[in-house]
Amino acid sequence: MNFSTSKALHDEALNHIVGGVNSPSRAYKGVGGGTPVYMDHGKGAYFWDVDGNQYIDYLGAYGPIITGHGHPHIAEAISNAAKTGVLYGTPTKLENQFAKMLKSAIPSLEKVRFTNSGTEAVMTTVRVARAYTGRNKIIKFSGSYHGHFDSVLVEAGSGPATLGTPDSAGIPQSVAEDVITVPFNDTDTFQKAMERWGDEMAAVLVEPIVGNFGIVKPHDGFLKRVNDIAHDAGSLVIYDEVITAFRFTYGSAQQIYGVTPDMTAMGKIIGGGLPIGAYGGRQDIMEQVAPLGPAYQSGTMAGNPASMASGIACLEVLQEPRVYEELDRLGERLENGILEKASEAGIPISVNRMCGALTVYFGTDSVENYDEADASDGDAFARFFHLMLEEGINLAPSKFEAWFLTTEHTDEDINATIEAAGKAFAAMTE
Ligand code: PLP
């Protein structure tokens, strides 16, 4: 494939935009380098780069694009908003309409508030939990990404339950000291951490189905135990459903597992591709938020008519019959096809999948927590990534990311992808 125009644009970008990208994950650092492909336009499950190459898209813009590119219903909603004014700085009826839609899909949202990003939504839930409980510490699961605000850019390192150390320069150690990190799917370590720090713990922050070290499901009963242990200690439970809300069912992961958090943060899908975040939860907790309570959060663009209209239109598409059944059916076909091709080539992989989202890990039997995902073979993934790109299959450039199917992917796309994977695996054995 010819990537010369992408390369020229990237050389230019490097002169003007730090690192050439506006979000670090778009650079190809996680796949041994290379020039990020510059996309020109998209339609449905496909996009085309600036050199005219066509791809089947499994990046899905890191999750929001579940209805494919340029979906006519969403495009119409955005275009109407553009014509009538994209921002007023006053409340609009669209905000009520969208809030009601979210509440009826996710009953734990007694009250909601819109933000501009998932980061803002999660950040505010943490602030509100601290305001409500009068406590400072939070506990999270290692490898889970919750956005880029200070408190959550903290990992535990190798210790199973340790005081956090910052993952990024510029985060004070004093902030990291209020963050405890424990392995996902490890109830015992969570319990021990809560025995030690529970009376200082404002909240536990949970991705109920992990999307950030690949797709990792909770063990049976894990989420319920986490809820019970947290509540026994007087701590709140915050679900970060920025990836999971409306992805596997019309609703959320909490609905799938029948466990109710105190607060939930959302983003990605609920904006239909425009910037958005939202958080909500129990009324008495949400009443901590200004103007009713002392916890401050605001936003010039929050609840803007364009994002509201786009999000409403996206959820309307997801309400159509058999959307999730079809994502699951195609996801299963893709999973089985990839496993079969890898086995034919003698390449050891494992696949984690939930509905239309999956992750292919190289050199592992199974992945149930971050350490196991981290131990998977990144060099093999990098090779696979570049080979698939050459075959016209666009994946996220990291072994930790998921492949996202959309409502626009077809059986033909899945067949083509399986065939491409077969070629890639064969090339990896040469
Ligand atoms: N929470 C989770 C689970 C995420 O995956 C992400 C982004 O990938 C975020 C929060 C942050 O969302 P945003 O990038 O919209 O700020």
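Predicted model: local features only at pLDDT ≥ 70, side-chain atom pairs only at ≥ 80, totals over all residues.
How many bridges join S15 to S17, and do they run parallel or antiparallel? I started my notebook with that one. I found 2 bridges between S15 and S17, and the two strands run antiparallel.

I looked up a specific pair next. Leu-358 has Trp-403 in S17 as its bridge partner. Then I traced the whole sheet, which is open, has 3 strands and goes in the order S14-S15-S17, with antiparallel pairing. I wanted to know which strands stand at the edges. They are S14 and S17 (403-404). Each has a single partner strand, so one side of each is left without a neighbour in the sheet.

**Entry: the helix on the sheet**

I checked what H11 does here. H11 lies across S14 and S15, and I noted an angle of about 180 degrees between H11 and S14.

**Entry: domains**

Domain 1 is written as 4-70 + 321-428, while domain 2 covers 72-318. I got 26 Å between the C-alpha centres of the two domains. For the contact between them, I counted 26 residues from domain 1 and 28 residues from domain 2.

Which elements supply at least two residues each to the side of domain 1 that touches domain 2? My list has helix H11 (323-345), strand S14 (349-354), strand S15 (357-362) and helix H12 (370-374). S15 gives the most to that side, with 4 residues. I also sorted the side of domain 1 that touches domain 2 by class, and got 16 nonpolar, 7 polar and 3 charged residues.

**Entry: the whole chain**

I stepped back to the protein chain as a whole. Its secondary structure comes to 14 helices and 17 strands. I boxed the C-alpha atoms along the principal axes and got roughly 60 × 55 × 45 Å.

I compared the radius of gyration with the globule rule. A compact globule of 430 residues would have a value near 22 Å, and the protein chain has 21 Å, so the two agree.

What share of the 430 residues is buried? I wrote down 48%, taking a residue as buried if 20 or more other C-beta atoms lie within 10 Å of its own.

I took the contacts between residues at least 6 apart in sequence, and 72% of them join residues at least 24 apart.

Terms used. Residues numbered from 1 in each chain as written. Domains from an automatic or database assignment. Contact = placed C-beta atoms within 7 Å. Nonpolar A, V, L, I, M, F, W, Y, C, P; charged D, E, K, R; others polar. Pairing = 2+ DSSP bridges. Axes fitted to C-alpha atoms, helices over the stretch in contact; angles between N-to-C directions. Rg over C-alpha atoms; globule rule 2.2 N^0.38 Å. Buried ≥ 20, exposed ≤ 12 C-beta atoms within 10 Å, placed from the backbone.
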